[in-house]
Amino acid sequence: MFDGYDSCSEDTSSSSSSEESEEEVAPLPSNLPIIKNNGQVYTYPDGKSGMATCEMCGMVGVRDAFYSKTKRFCSVSCSRSYSSNSKKASILARLQGKPPTKKAKVLQKQPLVAKLAAYAQYQATLQNQAKTKAAVSMEGFSWGNYINSNSFIAAPVTCFKHAPMGTCWGDISENVRVEVPNTDCSLPTKVFWIAGIVKLAGYNALLRYEGFENDSGLDFWCNICGSDIHPVGWCAASGKPLVPPRTIQHKYTNWKAFLVKRLTGAKTLPPDFSQKVSESMQYPFKPCMRVEVVDKRHLCRTRVAVVESVIGGRLRLVYEESEDRTDDFWCHMHSPLIHHIGWSRSIGHRFKRSDITKKQDGHFDTPPHLFAKVKEVDQSGEWFKEGMKLEAIDPLNLSTICVATIRKVLADGFLMIGIDGSEAADGSDWFCYHATSPSIFPVGFCEINMIELTPPRGYTKLPFKWFDYLRETGSIAAPVKLFNKDVPNHGFRVGMKLEAVDLMEPRLICVATVTRIIHRLLRIHFDGWEEEYDQWVDCESPDLYPVGWCQLTGYQLQPPASQSSRESQSGSSKQKKKAKSQQYKGHKKMTTLQLKEELIDGEDYNFLQGASDQESNGSASFYIKQEP
């Protein structure tokens, strides 16, 4: 399975330190309650009120000092480790054909070496399964049955400009007629008949054979972009027979006259529809291309990776230093996380030099024009400054929008941002957003749009008020006018179904629902999982796809958690929604921040810029309610 942004780390939120060795991991006395916080260890007497036990390492401490709203973990590293282990356990269970359990089984009170050993064993298991091409079993999941049984509505293909046919879908809609194979026939050869679209759900269409009128007995779902779907007239041009279904053969004696009457004035697919589908599924990225991509272990820097495979525009990238080619990263070719070789140097972004001194045979740099273009910005006038406050989607927990700070201004409009209250001392968890990114917002955005803003960890003056926080920290808010305010007519509506990448485990694409829309910001819920695993995603994100995309491209779709084990039963949909496994904790963390390496001289580069990194005279105004 893909590692993605998950974690097998014991403690990475503190400043850089030497790697822990087996000898340094000593068991702690069971009667000594402690908590770990930002690399410090505090002891408290037994029996003190408000105590809590860390669900990851079993350590006991004062509840108020614990991490997360639910106070389940003693530190951010334990939260990350719990997320990684439980997510992997869930995936492994599904790979083995086991239904998800109601409570995650995580490593309890084990030293670091034991945890790493368990993780290594997990990786070995995954590699063995990969060799046998094992896949996550969908256990009969069908988008058609799922939509029909719950009267769901799917987002139209036109909402996804990056997906095949997203920009040339045309007016394909209900009542469009097509020629499809006739499965209600006893003839030994493949024959066809005409069907009409009854309902559309992304690429999938519910079809009904002509002649069945209001009888839905033989209705069937198919992918409209499939190779067996043709415009009316294709059979005549190809010499294929049109044969009415056996069930209704007796209804008419003159089927030709029936078809002429039914098809007069009816719409069908464009004659070149299949050609357009084929052309829209041609991708410029090819295996062996080299790119710069975010380092999943250290968000603050990039590394060189090589395209291993391309599926539906999604790239499996293998970090260049990975000898066994298992250290990989999945993203779409239009992802803002990948760049051309030399990008980091050009803007002053940190970059990890590869140990490989020369390109391997056959590897070549990806042409720069293939990457997604960012909007040009003018940094010469009023611009972002280091230390300015804003609100940002936390890349380590995409369900939250947090209080954040601009830590560095790079060239070409790029910014390094840190989440207040949870930053590593060495800045290894800073992350790069462009100034026009839809993932950063002006101060007050959450309050105006009634979104819960996550305050800095450890900040006790609640409820959080920006006015007080800015005054206490001596900070100013980034000017509102510098943020991206463009809101496209995206077409999404609350309740629409789609297929979405789990950005915490980026190789997984799951059944999902749009549950909230704030301008261009979508709240994506993964069906079958609890709301705490939801993710905020931009409406134009290349990690969202129409229903049927996985089937069209041959990618593996992850069904709803409860659906995978209960679809064969005749339980109600409400019961299915209740059976959500606590193991799917991977949604909480997008990247692995594994055991920190001591940076070797010459390994990590910070390319400095001149004038482009200089601060401009920005306004000190901020976007909050002015309180007395």
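Glu292 in strand S11 (289-295) has Val304 as its bridge partner in S12. Strands here, like helices, are DSSP runs numbered from the N terminus, with at least two residues (E) for a strand and at least four (H or I) for a helix. S11 and S12 pair in the antiparallel sense over six bridges; two strands count as paired if DSSP finds at least two bridges between them. The link from S11 to S12 is a hairpin through two residues. The model is predicted, so local features need pLDDT of at least 70 and side-chain atom pairs count only at pLDDT 80 or more, while totals for chains, interfaces and linings use all residues. Residues are numbered from 1 along each chain as its sequence is written, and side-chain values use heavy atoms, with hydrogens and water left out.

Val310 stands opposite Leu315 of S13. Two residues lie between the strands in the hairpin of S12 and S13, and Gly312 there takes a positive phi near 60°. With strand S16 (residues 350-352), S12 pairs in the parallel sense over two bridges. Thr302 has Phe351 as its bridge partner in S16. Of the 14 residues of S12, 10 are buried, so this strand is largely enclosed by the rest of the structure. Buried means under 20% relative accessible area, exposed means over 50%, and partly exposed lies in between (1.4 Å probe, protein chains only). Strands of a sheet pair through backbone hydrogen bonds, either parallel or antiparallel.

Strand S6 (residues 177-181) and strand S7 (residues 192-201) form five bridges in the antiparallel sense. Pro181 has Phe192 as its bridge partner in S7. A contact means heavy atoms within 4.5 Å.

Aromatic side chains form 28 pairs. Rings of Phe, Tyr and Trp (its six-membered ring) pair if their centres lie within 6.5 Å; planes under 30 degrees apart count as stacked, over 60 as edge-to-face and the rest as tilted. The rings of Tyr459 and Phe464 have centres 5.5 Å apart and planes at 70°, so this pair is edge-to-face. Phe464 also pairs with Tyr469 in a tilted arrangement, at 5.2 Å centre to centre and 55° between the planes. Phe464 is buried at 17% relative accessibility, and Tyr469 is buried at 7%. Leu462 and Pro463 are joined by a cis peptide bond, with omega about 0°. Pro463 is in the loop between strand S23 (453-454) and helix H9 (466-473).

One aromatic cluster consists of Phe141, Trp143, Tyr146 and Phe152. Lys497 lies over the face of Phe152, at 4.0 Å from the ring centre. Arg303 lies over the face of Tyr319, at 4.1 Å from the ring centre. A charge sits over a ring if NZ of Lys or CZ of Arg is within 6 Å of the ring centre and within 35 degrees of the ring normal.

The count of disulfides is zero; a disulfide is a pair of cysteine sulfur atoms within 2.5 Å. For Cys539, the closest cysteine sulfur is in Cys159, at 9.0 Å, too far for a bond. Cys539 is buried, with a relative accessible area of 2%. Cys288 is partly exposed at 29% relative accessibility. Although not a glycine, Cys288 has a positive phi of about 85°. Asp412 likewise has a positive phi, near 60°. Its loop runs between strand S19 (397-409) and strand S20 (414-419).

Overall, the protein chain has 12 helices and 30 strands. Buried residues make up 53% of its 628 residues. Among contacts between residues at least 6 apart in sequence, 68% join residues at least 24 apart.
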